[in-house]
Amino acid sequence: MLRLIILSLFSLSHLFAISVAASQQTLLYPRQNKQVEQYTSYPIELLELAMSYGEKNYSLEANKGPVVSQEKALANLVRGSGVDVMWTMTSLDREAVALPIRIPIYKGLMGFRVSLIHSAFTKDLESIRDMQDLRKQKAGQGIDWPDAKILEANNITVLKGSYGSLFKMLAAGRFTYFPRSITEVWFEYDGAVSSGNTALTVDPKVLIKYPTASYFFVNRNNTDLARAIEFGLESSIKDGKFDELFYRHHREMIRRSNISDRLVIELHNPLLPEKTPLN
């Protein structure tokens, strides 16, 4: 009799484990370049937090494919090929093909840009007083980044490359400055210093600013997932956990950027969709 009870309990627990596993849905996001893993931990943790508010059981995994560009990852999301959700800066083109969850996950800080520079070019940046002076210098940006188009729309000369090649181009003097979000630049600077690259530094003077937002995006047909993410983000905002996570990751980055003491040069963003919540 005791043996039957034990076997029954084992069977029930086994069935329960199978049921839980069956009800769990894995969400695939684009595999990240090892160079950016430090600052991509925040959106992953934020997505995990958002999904914890729903009734459905989700788990997050990087897809098994190679690291690809933002546009390639977006194309995979649109096709439903190995990407269920991604986070990236919004633009008219991106919102035309994918479904944004319009809650800015970086609170607009992706549009607050300070520049990585080669120490040999410090004086070039020190001479900047206004937009006209900025236009005399060459910027570096990613080939498929909306930021490159924003800079070009403001008549700034931009040299483009893959993410990894941009640091080599900067070191070689191909361009003067590499504008980065204040949520990114300090990770990259600290990484350069720890690897022995003492020639790279952060411009202490100029803040390039333009209105933008970074969202989670899903396939346009996956409205259930979009609603789940939106519900989770809104819930985390209401109970304060969104801010808690955000400032845990970014308070020190904001402090080091010393925004209030910088010369602010504002750019217009022609890629900004009308529905972007700039408040």
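Q: Why is T212 called buried in this predicted model?
A: The relative accessibility of T212 is 5%. Buried means under 20% relative accessible area, so T212 counts as buried.

Q: Where is T212, and what does T212 touch?
A: T212 is in the loop between β10 (206–209) and β11 (214–218). Leaving aside residues up to four places away in sequence, T212 touches M89, T90, G108, M110, G111, N269 and L272.

Q: What makes α9 roughly perpendicular to α11?
A: The axes of α9 (residues 185–194) and α11 (residues 241–257) cross at roughly 80° and come within 9 Å. Angles of 65 to 115 degrees count as roughly perpendicular, so this term applies to α9 and α11.

Q: Which residues make the contact between α9 and α11?
A: On α9 they are W186, F187, Y189 and D190, and on α11 they are M253, R256 and S257. By class, four residues of this contact are nonpolar, one is polar and two are charged.

Q: How many aromatic pairs does a search of the whole structure find?
A: The search finds 12 aromatic pairs.

Q: Why is the pair of F175 and F178 called edge-to-face?
A: The ring centres of F175 and F178 lie 6.3 Å apart, and their planes are at 70°. Rings pair if their centres lie within 6.5 Å, and planes over 60 degrees apart count as edge-to-face.

Q: Why is the pair of Y215 and F217 called tilted?
A: The centres of these two rings are 6.1 Å apart, and the planes of Y215 and F217 are at 50°. Planes under 30 degrees apart count as stacked, over 60 as edge-to-face and the rest as tilted. The angle of 50° falls in the rest, so the pair is tilted.

Q: Are F175 and F178 buried or exposed?
A: F175 has a relative accessibility of 1%, and F178 has a relative accessible area of 0%. The cut-off for buried is under 20%, so F175 is buried and F178 is buried too. Y215 and F217 are also buried.

Q: Which residues form one aromatic cluster with F175 and F178?
A: W145, Y163 and F167 belong to that cluster along with F175 and F178.

Q: How do you know that the charged end of K107 sits over the ring of F246?
A: The charged end of K107 is 5.3 Å from the centre of the F246 ring. The distance limit is within 6 Å, and the charge must also be within 35 degrees of the ring normal. K107 is listed as sitting over the ring of F246.

Q: Why is K107 called partly exposed?
A: K107 has 38% relative accessibility. Under 20% is buried, over 50% is exposed, and partly exposed is in between, so K107 counts as partly exposed. K107 lies in the loop between β4 (99–101) and β5 (112–118).

Q: Why is N155 called exposed?
A: N155 has 56% relative accessibility. Exposed means over 50%, so N155 counts as exposed. N155 lies in the loop between α7 (146–153) and β7 (158–161). In α7, the buried residues include P146, D147, A148, I150 and L151.

Q: What is the phi of K107, and what is the phi of N155?
A: Most residues other than glycine have a negative phi. K107 is not a glycine, yet its phi is positive, about 55°. N155 is not a glycine either, and its phi is positive at about 60°.

Notes: Residues are numbered from 1 along each chain as its sequence is written. This is a predicted model: local features need pLDDT of at least 70, side-chain atom pairs count only at pLDDT 80 or more; totals for chains, interfaces and linings use all residues. Side-chain values use heavy atoms; hydrogens and water are left out. Helices (H or I, at least four residues) and strands (E, at least two) are DSSP runs, numbered from the N terminus. Buried means under 20% relative accessible area, exposed over 50%, partly exposed in between (1.4 Å probe, protein chains only). Contact means heavy atoms within 4.5 Å. Axes are lines fitted to C-alpha atoms, for helices over the stretch in contact, and angles run from 0 to 180 degrees between N-to-C directions. Angles under 35 degrees count as roughly parallel, over 145 as roughly antiparallel, 65 to 115 as roughly perpendicular and the rest as oblique. Ala, Val, Leu, Ile, Met, Phe, Trp, Tyr, Cys and Pro count as nonpolar, Asp, Glu, Lys and Arg as charged, and the others, Gly among them, as polar. Rings of Phe, Tyr and Trp (its six-membered ring) pair if their centres lie within 6.5 Å; planes under 30 degrees apart count as stacked, over 60 as edge-to-face and the rest as tilted.
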